[in-house]
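Colleague: Before I use any of these labels in my own work, I would like to hear how each one was reached. Could you take me through them one at a time?

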Amino acid sequence: VDFSYMTLLQTTTLSDNLFKLQNTVKSVSVKEGDSVTLQINVTEIQTDDKIEWTFGTKSYLIAKINGKTSKIFDGPDGRFRDRLKLDHQTGSLIITNTRTTHSGLYEVKISISSMPTKTLISWFRLFADPESVSVTEGESVTLQTHVTELQTRDVITWTFGHPETRIALISKEEGNVPTYDDVLDGRFRNRLKLDHQTGSLTIMNTRTTDSGNYTVHIKENTNQTTYRFNLTVYGESQLHVRLFCLLFIRKIILKWTLTSVLTFDIHFLDI
């Protein structure tokens, strides 16, 4: 490893042959569905260097580089299947199409061939946030599954709230496309619509009581994917408050900009 600019901080909480790459756990945030890279401060790994990435408090092995070879693991419950990549130059870990279940503690250990008695260690805490969606009361909103076209054996289940209450289901094989709009005191009655091709859910004539967390479970043969959405429905009074705040902020920015320009002009004239 080329660590000419790397700061190695020995820690008394680790054994003598372990060194920290960073003094604290680095927090990283990402929007669910986006990709994120956990960067380690390594310029280039060498042929005989070894790198291991683990996840969670139980330290599940999810990726490793051993010399010229590398291997990716699916992790607990297969949650990382087809979503992990390794940068073979630096050893950094890339997580694609992130899910909230990817949130947690990541640890990387680097064994350097030129320092056989030393191991470098670094920690990351990842926060994968649900997709945020907002709409004005009375409008319709569609929560997308990111599926192009459902296949015969696909099953899609939509739920709302915590604990999760099922509000819609598509089973292509059984030919069922029911919506459970009588649940939760009938708050969704006659206002839910499913796209039979993609499984996306549309909520019509939205109300403030529709605000909350929505989850879609997509089962494709043996694989299951989960997306989460945080929906906010703004009522008329809330909308007025938002507009007032936006206008107030714009007024402050405009006033500051005009003041800065006038000040600049005066100073320029003085010169």
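Colleague: What makes you say that Leu84 touches other residues, and which ones are they?

Modeller: Contact means heavy atoms within 4.5 Å, and by that criterion, leaving out residues up to four places away in sequence, Leu84 touches Ile62, Ile72, Phe73, Leu93, Ile94 and Ile95. This is a predicted model, in which local features need pLDDT of at least 70 and side-chain atom pairs count only at pLDDT 80 or more, whereas totals for chains, interfaces and linings use all residues. Residues are numbered from 1 along each chain as its sequence is written, and side-chain values use heavy atoms, with hydrogens and water left out.

Colleague: Why is Leu84 called buried?

Modeller: Buried means under 20% relative accessible area, exposed over 50% and partly exposed in between, with a 1.4 Å probe and protein chains only; Leu84 has 9% relative accessibility, and therefore counts as buried. Leu84 belongs to strand β8, residues 84-86, where strands (E, at least two residues) and helices (H or I, at least four) are DSSP runs numbered from the N terminus.

Colleague: How far is Leu84 from Thr98, and what makes Thr98 buried?

Modeller: The two residues are 14 positions apart in sequence, and their C-alpha atoms are 9.7 Å apart in space. Thr98, in the loop between β9 (93-95) and β10 (104-111), has a relative accessible area of 0% and is therefore buried.

Colleague: How do you know that the side chain of Thr98 makes a polar contact with the backbone oxygen of Asp34?

Modeller: A polar contact is a pair of N or O atoms within 3.5 Å; within protein, one must be able to donate a hydrogen and the other to accept it, and residues adjacent in sequence count only if both atoms are side-chain atoms. A polar atom of the Thr98 side chain lies 2.8 Å from the backbone oxygen of Asp34, and the side chain of Thr98 also reaches the backbone oxygen of Lys31, at 3.3 Å. Beyond its neighbours within four places in sequence, Thr98 is in contact with Val30, Lys31, Glu32, Gly33, Asp34 and Val36.

Colleague: What makes the pair of Asp210 and Arg191 a salt bridge?

Modeller: A salt bridge is a side-chain nitrogen of Lys or Arg within 4 Å of a carboxyl oxygen of Asp or Glu, and for Asp210 and Arg191 the closest N and O atoms are 2.8 Å apart. Asp210 lies in the loop between β17 (201-203) and β18 (212-220) and Arg191 in the loop between α1 (183-186) and β16 (192-194), so the pair ties together parts that are 19 residues apart in sequence. Asp210, with a relative accessible area of 0%, is buried, and Arg191 is buried at 3%.

Colleague: How many salt bridges does this rule give, and why is Arg79 called partly exposed?

Modeller: The count comes to five salt bridges, among them the one between Arg79 and Asp77, whose closest N and O atoms are 3.2 Å apart. Arg79 has 23% relative accessibility and so counts as partly exposed, whereas Asp77, with a relative accessible area of 73%, is exposed.

Colleague: Why is Asp182 called exposed?

Modeller: Asp182 has 53% relative accessibility, and therefore counts as exposed. Asp182 forms a salt bridge with Arg189, the closest N and O atoms being 2.9 Å apart, and Arg189 is partly exposed, with a relative accessible area of 42%.
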